[in-house]
Amino acid sequence: MGRVHDTTRLSTRVATMIHLVVVIMLSLVAMLAALTGFTDAEMAKLYAGLLTIECSWLVVSWWLVRGSVFSPYGFFLLAGIMFNAGHALLETLGLSELGQLNGLFSDWTVARANALVGIGLASFHLGALVSVGPLGTGEPRKSTRAEDVSSVRLVGWILLALAVVPAATAIRDAVVVAVNSGYMALYQVQAQTGVDASSHVMATFLIPGALFLLAGSAGRRPPQFVAITLMVVYALATLVLGFRLNAVMPLIALIWVYHRAIRRLPITPVLVVGSIAFTLLTQIVRVVRGLTGAERFAFGAAATALRTVRNPFISVVSEMGFSQVTVAYTLELVPHLRGFDHGLSYLYGLLTFAPNLFWDVHPSVARGTSASWLIWTVSPVTAAQGGGLGFSFIAEAYMNFGWIGSVIALGVIGILMGLMERHFSNSNDVARIAAAASFTAFFLRFARGESVSVLRPLVWYALLPLVAVYLIRAHQSRRVGARRRHLPHPPHKAVVK
């Protein structure tokens, strides 16, 4: 075991050093190009190419450190690249039909957006490499006490008991709205606030409930069947509603928990099959979710959706990569139209830990999210219909601190992610594995979102269930200790000298 740790530590250090060299070299190339009088169009293409090289290195470096990208940090890294650099990848490969960001921005803005994404991803990854430290095999201990595993399973059952009825009711009501009025109608339903939103909170515990139940059910088929079935049904229902990311994230977390706590899966086939399924499903849902009535479930609609797409893989990368427009818009509007937040968006994100007990609308929402501000600024018509562009964790860092400050902010976020990978994702404790999976099931949206949407799930749906597990374990340990103290002591045998 010691040799495994030493080898991993060496790989981490080497990867960190190479990462710094790669970033410095790419930065020098970008600066030399700027000094030699490249046009804005040439700079946009050059920065797209440099960003593609960087993103390739990010994935390879994490594979060198972790041995696989099949981990919570690896999932988020891929999501961050696809949502913020997808169009740069297509442009570099000559697969972009409409140009970067569909020609909505000047070449100068596109070049700056590519530069900010490149700097942001580099800083984020550096923080993760520095903090992840030595990683062992991450194999769950075979000597784990039965009580430790049963406590995880018990918390899973409790959460599911609280969530099943509210979740079934919420899905039924949403499906009725979507089938009768289409996908966009879901955004026009008046959101519940204050105490009235408690049913939604309870329903969301379905996800951590299934993940904790699965993590604690090694060798027990019935709990595994219940956890997997509930999560698959939830994902299918969410896909029917048209929420693709909300359906895919819990499934990714479920597969990872099964791989870590139940049985090792062949990573390459899982990634290949998962990528194909994700590509096809997202393209089908993209078209079908706009239909109403029986047409929504007709096989012909799905076939038509696929026929209208020339290349599903290019289409899905282009659609995901379009989220980079949030970075471009933010660069154009901040600080010219709106001043820097100076950390306020992160502060209001932290406030989401508090439940809606003393106000109808949470202060973090009442203030206005960055995503809401952006869509109302650039497309009020779309905003009035309930639509939006999302946001980006890179754009949020820039909105708070500008170019230099965003590098520091994203580095800190990378450090936190590296620590989570080290102490939770790579843990031998199935409770921590379940907590990391629950966090992943919500955190992946941060790649195209903001802190106000992910910090509450970290506490409510990952840390609180983990604390519940530890409390149950402590109670069980006290009971075992009490029983041992009340057992009669065997008589001492005389020692014959």
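Biologist: How many cavities of 30 Å³ or more does a search of the whole structure find?

Modeller: Please keep in mind that this is a predicted model. The general idea is that rolling a probe the size of a water molecule over the atoms shows where empty space is left. Here, a search of the whole structure turns up one cavity of 30 Å³ or more, and the largest cavity holds about 60 Å³ of space. Eleven residues line the largest cavity, and the closest to its centre are Ser-345, Arg-367, Thr-369, Glu-450 and Val-452. By kind, the lining of the largest cavity consists of two nonpolar, six polar and three charged residues.

Biologist: How much space lies in the second largest pocket, and which residues lie nearest its centre?

Modeller: The second largest pocket contains about 1,300 Å³ of space. Its lining is made up of 38 residues, with Ile-252, Leu-271, Gly-274, Ser-275 and Phe-278 nearest the centre. At least two lining residues come from each of α2 (40-66), α3 (72-92), α10 (244-262), α11 (267-288) and α13 (312-321), and α11 gives the largest share, ten residues. The lining of this pocket divides into 32 nonpolar and six polar residues, with no charged ones.

Biologist: Turning to the helices, how do α9 and α10 cross?

Modeller: In general, two packed helices are described by the angle between their axes and the distance between the axes. For α9 (residues 221-241) and α10, the axes come within 7 Å and cross at roughly 160 degrees. That angle therefore makes α9 roughly antiparallel to α10, and the crossing in which α9 passes α10 is left-handed. The residues in contact include Met-231 and Tyr-234 of α9, together with Leu-254 and Tyr-258 of α10; this contact divides into 13 nonpolar, three polar and one charged residue.

Biologist: At what angle do α8 and α20 pack, and is their crossing right-handed or left-handed?

Modeller: Helix α8 (residues 206-215) and helix α20 (residues 430-443) pack at about 150 degrees, with their axes 9 Å apart. Because angles over 145 degrees count as roughly antiparallel, α8 and α20 are roughly antiparallel to each other, while α8 passes α20 in a right-handed crossing. On the α8 side the contact is made by Ile-207, Pro-208, Leu-211, Phe-212 and Ala-215, and on the α20 side the residues include Ala-434, Ser-438 and Phe-442. The residues of this contact divide into twelve nonpolar, one polar and no charged.

Key. Residues numbered from 1 in each chain as written. Predicted model: local features only at pLDDT ≥ 70, side-chain atom pairs only at ≥ 80, totals over all residues. Heavy atoms only, no water. Axes fitted to C-alpha atoms, helices over the stretch in contact; angles between N-to-C directions. Helix = DSSP H or I, 4+ residues; strand = E, 2+ residues; numbered from the N terminus. Parallel < 35°, antiparallel > 145°, perpendicular 65-115°, else oblique. Left-handed = near helix turned anticlockwise from the far one by under 90°. Contact = heavy atoms within 4.5 Å. Nonpolar A, V, L, I, M, F, W, Y, C, P; charged D, E, K, R; others polar. 1 Å grid on protein atoms, 1.4 Å probe; cavity = no way out; pocket = protein on both sides within 12 Å on 5 of 7 lines; lining within 4 Å. Points joined across faces, edges and corners; volume = space filled by probe spheres on them.
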